[in-house]
Amino acid sequence: MSGHVAVLGAGSWGTAFAKILADAGREVAIWARRPPVAEAIRLRGRNPEYLPDLRLPHRVTATGDAVEAISGAEVVVLAVPSQTLRGNLAEWASHLEPDATLVSLMKGIELGTTKRMSEVIVETAKVAADRVVVVSGPNLAPEIAAGQPAATVVACTDIGRATLVQRAVTTPYFRPYTNDDVIGCELGGAVKNVIALAYGIATAMGFGDNTRAMLITRGLAETARLGVALGADPLTFAGLAGMGDLVGTCSSPLSRNRTFGEHLGRGETLEQAQVATRQTAEGVKSCLAIRDLARAHRVEMPITEQVERVCHEGVDPRLAVRALMSRTTKPE
Ligand SMILES: NC(=O)C1=CN([C@@H]2O[C@H](COP(=O)(O)OP(=O)(O)OC[C@H]3O[C@@H](n4cnc5c(N)ncnc54)[C@H](OP(=O)(O)O)[C@@H]3O)[C@@H](O)[C@H]2O)C=CC1
Ligand SMILES: O=C(CO)COP(=O)(O)O
C-alpha cells in the first residue's frame, strides 16, 4: 500500500484508529469537522476533547477540509455517527480515488431505511460492495489509545481487500482477523449497543450478575436470530464481532451505551440522559431501526423491543423488566 490513509471523523474511535494506522506504518490524514480539533491534532498531536491522554504519532496529521484528506487516499476510513453517514458521504463521494477502499468503523443501523452502514456506503458512494471493509470487535477506544492488547474483525466480501486492511492495521497491540461475513459483523456491532443499553439499565436498577448474564446471553440469541434471517453466518456471533464485542461493551464502564443505559435505569428521561452524556451512543437511535428490521423479518427481539420502549416511549424500566420476565416460557 503506497498512498496515505484518510480517517473521516475525529471522535474517540477515529482518533484511536488513526493511531493504530500510524503505528502500523501508514501516513494518516484525519478530517475533523471543527477546525480547532484539526488544529490541536496537527500542531500538538492531541485531541483534547475525546482522548486527552493520547499523544498521536508524528505520521498523523489533520485538516478541517475533507476533500484535502481524501485526495490521493488509497484507503478512506469512515468514523462519523451512523445517522449522519449518508449526508456526510454524499458530500465526499465524488472526491474518492477510483479504487479507494472504504472502511466502515460505524456500529449502527440507519433510521428509516433500516440499512447497515456498508449498504449506506455502497448506495451513497456508488461503489461495489467488495470495496467496503467493516472493522468491528471489542475495541473500546480509550483502551486502544493506551496501547492495551486488543483484537478485531476486518470483514469484506473480497477477502483480498480484507487482508490488505488487516495488514494496514496490524500492530503489536492490535490483532485483526479477517472474515467474509459482513452482515454478521455489522449486526453484531449494531445490536450489542442496544443490549449494552439494557445492561446499563439493569445495572442502575441494582440487579446483579444473574440478570446481567441473562441479558448478555439472551441478547446474543436475539442478535443471532436476526443475523441468520438476514443471511449472516451464525458462527460470526460466537466470535469477536459478536460475543466478544457484546461482553466487552456490556462489562465496561467506558461504554457510552452502557453508561447511557445507567442514566435511564436511574429513572432519567431520554433528554436528561442525552444532556448528561456527550459522545455518540449509537444504540439509542439504532434500537428503533433494529426493531423495525426485526419486525420486517418476523424475528422476535424482546430485549430490543423493551429498550426501544424505555428510550422512545417513556416506559418505566420496571415495566420493561416485568414485560420481559412474563413472556411465555419456551425451550432455549
Ligand atoms: N468509541 C469507541 O470506542 C468505538 C466506537 N465505534 C463506532 O464508531 C463510530 C464513531 O464513534 P466515535 O468516534 O466513538 O464517536 P464520538 O462521539 O467519539 O465522535 C463522533 C465524531 O463524529 C463527529 N460528528 C458528529 N456529528 C457529525 C455530523 N453531523 N457530521 C459529521 N461528523 C459528525 C464528531 O465531531 P464533533 O466533535 O465536531 O462533534 C466526532 O468527530 C460509531 O458508530 C461508534 O459506534 C466503534 C468501535 C469503538
Ligand atoms: O463499540 C465499542 C466497543 O467495541 C464502543 O462502545 P460504546 O459506543 O458503547 O462506547
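This is a predicted model: local features need pLDDT of at least 70, side-chain atom pairs count only at pLDDT 80 or more; totals for chains, interfaces and linings use all residues.
Residues are numbered from 1 along each chain as its sequence is written, chains are lettered from A and ligands numbered from 1 in the order in which they are written, and side-chain values use heavy atoms, with hydrogens and water left out.

The protein is divided into domain 1 (5-180) and domain 2 (185-325), with bounds that come from an automatic or database domain assignment, and the C-alpha centres of these domains lie 24 Å apart. Contact, defined as heavy atoms within 4.5 Å, links 30 residues of domain 1 with 28 residues of domain 2. The area buried between the domains is about 2,200 Å², of which carbon and sulfur atoms give 65%; buried area is the accessible area (1.4 Å probe) that two parts lose on being put together, summed over both. Of the area that domain 1 buries against domain 2, K107, I109 and L140 supply 26%, more than any other three residues.

Between the domains there are 3 salt bridges, a salt bridge being a side-chain nitrogen of Lys or Arg within 4 Å of a carboxyl oxygen of Asp or Glu. D245 forms a salt bridge with K107, in which the closest N and O atoms are 2.7 Å apart.

Ligand 1 is surrounded by 25 residues, the closest being R34, Y50, A141, T280 and E282, where a residue is counted if one of its heavy atoms lies within 4 Å of the molecule. Polar backbone atoms of W13 and of K107 each lie 3.0 Å from an oxygen atom of ligand 1, and a polar side-chain atom of R256 lies 2.9 Å from an oxygen atom of this ligand.

The residues around ligand 2 include K107, L140, D245 and R256. An N or O atom in the side chain of R256 is 2.6 Å from an oxygen atom of ligand 2, whereas for N257 a polar side-chain atom lies 2.8 Å from a ligand 2 oxygen and for N139 a backbone N or O atom lies 3.0 Å from one.

Terms used: A polar contact is a pair of N or O atoms within 3.5 Å; within protein, one must be able to donate a hydrogen and the other to accept it, and residues adjacent in sequence count only if both atoms are side-chain atoms.
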